[in-house]
Amino acid sequence: MAKKCTCGCGKGSDQTKLALPELFGSNVFNDRLMKERLPKETYRALRQTIDQGTALKPDVAAVVANAMKDWAVERGATHYTHWFHPLTGFTAEKHDSFISPTDDGSVIMEFSGKQLIQGEPDASSFPSGGLRVTFEARGYTAWDCTSPAFLKEDAVGNVTLCIPTAFCSYKGEALDKKTPLLRSMSAVSAQALRVLKAMGNTTSTRVTSTVGAEQEYFLVEKEYYLRRLDLITCGRTLFGAPSPKGQELEDQYFGAIKDRVSAFMKDLDVDLWKMGIASKTKHNEVAPAQFEMAPVFTTTNIAADHNQLVMESMQ
């Protein structure tokens, strides 16, 4: 079940034979890469924005965008997208290429600081909780620099630079699930600091919440899946035999993992590790064909991004 690398890294044909530390986060523009590729002053300014929430200066954004673009192009990327969480339960993305036409009829690869920090996708067809009428279509994406950018590879080898973003209206109304999450993280930090100060801690400047969202899932043979309209249309069982109520299936829970399931889990781990998702635990769950994957906990908004990527990778 080994996969050939399609990201343009040129590191050999079998990703699973790479040392795990080398494989982990190889498709993520993480802190290590920022240290390597950004000037020291730019790196310090960006870290100040990430750690303290200070405003990001346009000149800093321009340098970061160029370094991010160079890294992505080296890895085979031709497009970038502002990756966000509308009120659909899924993620959304609009792909733009890095090309910019020149006067002589050729193109160059460009990515500006403005393109990094803000986008303007059409918001007319996304649910917005009744905030606006349909013709008020404008929505804005804003770079969430606390969640690292990453590369997504599709089945045919296309590589896209994904930039995690929040999605809101012109007046700042949340049109997604990330904006309220970031606001709640800030509120929790502010109130926790008040408690710490009352207890005598006057040096802390920030309290960070963390989440480790495990995923329980079912693996169903495609042949049988295609016979079940309820699974196809609803993603769940609507009819069939009632589930056991006792401990009749204790031999499945934590049982030995079958070879085909283990092969799926191996491919899943490789995909997640490349995107910097610390997939840690895997085992059989209670029900037939039910399994679990649990990652190491991380900062809440990053964990939310990772959870969406985990579900997408599983499908």
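The legends below describe close-up views of a predicted model.

**Figure 1. Confidence across the predicted model.**
The protein has a mean pLDDT of 88, and 89% of its residues reach 70 or more. Residues 1–13 have a pLDDT below 50. Beyond near neighbours in sequence, this stretch makes 28 contacts in the model.

**Figure 2. A salt bridge joins R47 and D31.**
The closest N and O atoms of R47 and D31 are 3.0 Å apart. R47 is partly exposed, because its relative accessibility is 22%. D31 is also partly exposed, with a relative accessibility of 25%.

**Figure 3. A salt bridge joins E74 and R37.**
The N to O distance in this salt bridge is 2.6 Å. E74 is in helix α4 (residues 58–74) and R37 is in helix α2, so the pair links distant parts of the chain, 37 residues apart. The side chain of E74 belongs to a partly exposed residue, at 48% relative accessibility. R37 is partly exposed as well, with a relative accessible area of 30%.

**Figure 4. A salt bridge joins R260 and E221.**
The side chains of R260 and E221 meet at 2.6 Å, N to O. R260 lies in helix α9 (residues 259–274). E221 lies in the loop between β10 (215–218) and α7 (222–225). The two residues are 39 residues apart, and their pair links distant parts of the chain. Is R260 buried or exposed? R260 is exposed, because its relative accessible area is 63% and the cut-off for exposed is over 50%. E221, at 37% relative accessibility, counts as partly exposed.

**Figure 5. A network of salt bridges.**
Salt bridges with shared partners join D31, K35, R47 and D51 into one network. Two of its members, R47 and D31, form the salt bridge with closest N and O atoms 3.0 Å apart. How many salt bridges does a search of the whole structure find? The search finds 17.

**Figure 6. The largest nonpolar core.**
This core has 26 residues. Which residues have the most contacts inside this core? They are M68 and L161. Two or more residues of the core come from each of α2, α3, α4, β1 (77–83) and β8 (159–168). Helix α4 gives the most, with 7 residues.

**Figure 7. The surroundings of L161.**
Neighbours within four places in sequence are left aside in this view. L161 is then in contact with M68, W71, A72, A77, H79 and Y80, among others. Its contacts also include T81, F98, F111, A149, F150 and L151. Y80, F98 and F111, which are among these contacts, form one aromatic cluster.

A separate core has 16 residues. Among them are V28, F150, Y217 and F291. F150 is buried, at 3% relative accessibility.

**Figure 8. W83 and F150 form an edge-to-face aromatic pair.**
A pair of aromatic rings is described by the distance of the centres and the angle of the planes. For W83 and F150, the centres are 5.2 Å apart and the angle between the planes is 90 degrees. The pair counts as edge-to-face because this angle is over 60 degrees. W83 lies in strand β1 and F150 in strand β7 (residues 150–153), so the pair ties together parts that are 67 residues apart in sequence. W83 counts as buried, with a relative accessibility of 0%. In total, 9 aromatic pairs are counted.

**Figure 9. Two cysteines, C145 and C234.**
A disulfide is a covalent bond between the sulfur atoms of two cysteines. How many disulfides are counted in the model? The count is 0. C145 is buried, because its relative accessible area is 17% and the cut-off for buried is under 20%. C234 is partly exposed, at 39% relative accessibility.

**Figure 10. A192 and R206.**
A192 is placed in helix α6 (residues 178–198). A192 is partly exposed, with a relative accessible area of 22%. R206 is 14 residues from A192 along the chain. The C-alpha atoms of these two residues are separated by 8.5 Å.

Definitions and conventions
Residues numbered from 1 in each chain as written. Predicted model: local features only at pLDDT ≥ 70, side-chain atom pairs only at ≥ 80, totals over all residues. Heavy atoms only, no water. Salt bridge = Lys/Arg side-chain N within 4 Å of Asp/Glu carboxyl O. Buried < 20%, exposed > 50% of the residue type's maximum accessible area, 1.4 Å probe, protein only. Helix = DSSP H or I, 4+ residues; strand = E, 2+ residues; numbered from the N terminus. pLDDT = per-residue confidence, 0-100. Contact = heavy atoms within 4.5 Å. Core = buried A, V, L, I, M, F, W, Y, C linked by side-chain atoms within 4.5 Å. Disulfide = S-S within 2.5 Å. Phe/Tyr/Trp six-rings, centres within 6.5 Å; stacked < 30°, edge-to-face > 60°.
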